[in-house]
Amino acid sequence: MKLVAWFSEVDKDDVGLVGGKGANLGELTRAGIPVPSGFILTAHAYSHFLDQSGVRSQIEQLLAGLDVNDSATLQHVAAEIKQLITSAQIPQGVAGQVARCYREMGGGPVAVRSSATAEDLAEASFAGQQSTYLNVIGEEQVTRAVQDCWASLFEARAIFYRQNAGFEHLKVGIAVVVQHMVQSERSGVMFTLEPVSGARDKIVIEAIYGLGEAVVSGVVTPDLYILNKTDLSILDRTIAQQECQLVRNPEGAAAGEYNVWLNLAPDLGAQQKLSDDDIKRLAEIGRSVEQHYGRPQDIEWAAEGGQFFLVQARPVTVTGAADDENEMEHETAPVLMEGSPAGPGVAYGPVKIVLGPEGIDQVAKGDILVAEMTTPDFVPAMKRAAAIVTDRGGRTSHAAIVSRELGLPAIVGTGNATQVLHDEQEITVSCAEGDTAFVYTGIAKIAIETLDIAAIPATRTQVMLNMGNPAAAFRWWRLPADGVGLARMEFVVS
């Protein structure tokens with residue numbers, strides 16, 4: 001029963017042992033991709049803790065018959081389970097292994113990150129459902145952070161997500177990654193496709209100053225760079241004004257907070273966060289990761305001292321590509337505001353402004369959820385909402401990923417939605433018009449034009465189709481194409 005494993009000892013096939021994050025970090029390390037070094041406390045260690053502490057049966061009793069749609073009861077049960085886990089005694093053998101490996105790493109600041117065995121999967125990302133602790137220092141503090149990561153497997157949002165995704169709670173294990181902390185001067189997220197449209201010929205990079213937790217959580221609106229995947233030319237860029245950055249707190253645990261927010265000078269916050277050369281250099285790393293895995297990747301990156309590091313890579317679960325590409329939607333009405341499209345589609349309904357997770361019970365089925373930002377705690381309300389609009393965040397934030405998994409139209413980074421809109425105001429949300437999404441006043445008339453593909457005239461120029469996935473032939477055979485080719489061997493075999 002292996003309790004710990006170094007990154008170099010695992011690969012992508014070890015998800016059951018070290019979770020999705022741990023398995024991918026091991027795979028990247030073995031592939032020669034720049035990854036901060038570290039070790040993983042395995043899912044066996046978590047299971048050993050549940051059995052030795054006696055909390056497994058108590059958790060089973062608390063979860064029995066739980067209605068996850070009853071938000072108040074869900075929050076209460078989650079709090080009880082987390083208290084059980086954080087107050088239980090960690091087996092000495094487990095705590096000793098954590099301390100030993102931390103010493104072998106050389107001590108110093110580390111990131112302690114949850115890595116569930118049902119996480120970063122091709123069909124479900126579990127984005128943001130478990131906890132991460134940055135700049136943790138000292139054996140005792142690292143061990144405490146490990147225990148907090150275990151407890152985060154039973155956050156209300158995580159219980160709700162698992163139930164809706166069809167995963168059994170106690171059959172999902174959790175490993176914990178402990179790795180050297182990159183003191184990010186710049187950080188962000190990279191998708192090796194365009195996540196809203198699903199275009200695979202593009203790479204999308206989001207960048208901010210400071211630690212990357214600020215961008216994946218949606219707290220800060222990042223710069224957005226879109227590149228051509230073939231020649232890495234920069235096709236588009238949107239520079240966001242960043243007002244503050246998250247950095248290591250020099251006082252650390254003594255101050256009760258490992259990290260602290262610092263204001264940025266306005267002229268610095270308005271600058272492009274990465275140079276054009278760095279954008280291309282980072283995109284090249286992303287392209288190599290996609291080539292290694294053979295499918296598009298969702299990557300978290302950090303830069304320190306002129307060097308890029310990858311701190312996470314996982315398959316893209318859901319893109320915004322519409323199920324039926326033959327439908328085109330057009331709408332016209334007075335525009336209230338604009339933002340970045342995070343989930344495609346058009347929806348309308350009454351506004352419900354929610355300023356924190358404690359208000360999610362107010363959201364009824366069909367409401368437009370409006371918030372400063374949506375954390376994973378909002379998922380129960382997101383499932384009831386018709387669409388989402390936020391003040392802050394980018395299209396690669398955790399909330400944007402989950403919006404796409406839920407099939408929700410979502411607009412992020414509007415800047416002032418919570419100030420301009422008001423409860424019960426009827427609006428229309430449109431994420432069907434390219435790189436900009438719009439909020440319209442009132443219920444817009446939506447005209448849907450269905451195109452008959454069979455009626456498209458043939459052209460004198462022969463038009464051929466390339467499709468990496470042969471299964472796509474069942475979708476596109478109706479097009480007036482003169483040939484279909486390039487079915488990739490790995491797709492054929494699988």
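**Figure 1. P357 and the residues it touches.** Leaving out residues up to four places away in sequence, P357 touches T375, D377 and F378 in this predicted model. You'll find P357 in the loop between β16 (345-353) and β17 (368-371). Buried or exposed, or something in between? P357 comes out as partly exposed, with a relative accessible area of 31%. For a sense of distance, look across to A371: P357 and A371 are 14 residues apart along the chain, and their C-alpha atoms are separated by 9.9 Å.

**Figure 2. D236 in strand β9.** Here we zoom in on D236, which sits in β9 (residues 234-238). Which residues is D236 in contact with, once neighbours within four places in sequence are set aside? The list is L224, Y225, I226 and D435. Take L224 from that list: L224 and D236 are twelve residues apart in sequence, and from C-alpha to C-alpha they are 8.0 Å apart in space. D236 has a relative accessible area of 32%, so it is partly exposed.

**Figure 3. Helix α4 against helix α7.** This view shows α4 (residues 71-87) packing with α7 (residues 156-165). The angle is about 115 degrees, and the axes are 8 Å apart. That's why the two helices, α4 and α7, are described as roughly perpendicular to each other. The crossing of α4 past α7 is right-handed. On the α4 side, the contact is made by L74, Q75 and A78, and on the α7 side by A156, I159 and F160. Sort those contact residues by class and you get five nonpolar, one polar and no charged residues.

**Figure 4. Helix α4 against helix α6.** Stay with α4, but turn to its packing with α6 (residues 139-152). Here the angle is about 155 degrees, with the axes 9 Å apart. An angle over 145 degrees counts as roughly antiparallel, so that is the label for α4 and α6. Their crossing is right-handed. From α4, the residues making the contact are K82, I85, T86 and S87. From α6, R144, Q147, D148, W150 and A151 make the contact. What does this contact look like by class? There are three nonpolar, three polar and three charged residues where α4 meets α6.

**Figure 5. Helix α5 against helix α6.** Now α6 is seen with another partner, α5 (residues 92-104). These two pack at an angle of about 125 degrees, and their axes are 9 Å apart. That angle makes α5 oblique to α6. As α5 passes α6, the crossing is right-handed. V94, A95, V98, A99, Y102 and R103 are the α5 residues in this contact, and they meet E139, V142, T143 and W150 of α6. By class, the contact of α5 with α6 has seven nonpolar, one polar and two charged residues. Keep an eye on W150 while comparing views: it takes part in the contact of α6 with α4, and W150 also belongs to the contact of α6 with α5.

**Figure 6. N135, with a positive phi.** Most residues other than glycine have a negative phi. N135 isn't a glycine, yet its phi is positive, at about 60 degrees. Where is N135 placed? It is in strand β4 (residues 132-136). With a relative accessibility of 2%, N135 counts as buried.

**Figure 7. E424, also with a positive phi.** E424 has a positive phi too, here about 75 degrees, although it is not a glycine. E424 is in the loop between α13 (417-420) and β20 (426-431). Its relative accessibility is 48%, so E424 counts as partly exposed.

**Figure 8. Stepping back to the whole chain.** How much of the chain counts as buried? Of its 494 residues, 51% do. The chain exposes about 21,100 Å², and carbon and sulfur atoms supply 50% of that area. Look at contacts with a separation of 6 or more, and 65% of them are between residues 24 or more positions apart.

Notes:
Residues are numbered from 1 along each chain as its sequence is written. This is a predicted model: local features need pLDDT of at least 70, side-chain atom pairs count only at pLDDT 80 or more; totals for chains, interfaces and linings use all residues. Side-chain values use heavy atoms; hydrogens and water are left out. Axes are lines fitted to C-alpha atoms, for helices over the stretch in contact, and angles run from 0 to 180 degrees between N-to-C directions. Helices (H or I, at least four residues) and strands (E, at least two) are DSSP runs, numbered from the N terminus. Angles under 35 degrees count as roughly parallel, over 145 as roughly antiparallel, 65 to 115 as roughly perpendicular and the rest as oblique. A crossing is left-handed if the near helix is turned anticlockwise from the far one by less than a right angle, and right-handed if clockwise. Contact means heavy atoms within 4.5 Å. Ala, Val, Leu, Ile, Met, Phe, Trp, Tyr, Cys and Pro count as nonpolar, Asp, Glu, Lys and Arg as charged, and the others, Gly among them, as polar. Buried means under 20% relative accessible area, exposed over 50%, partly exposed in between (1.4 Å probe, protein chains only). Accessible areas come from the Shrake-Rupley method with a 1.4 Å probe; for residues, only the protein chains shown count as cover.
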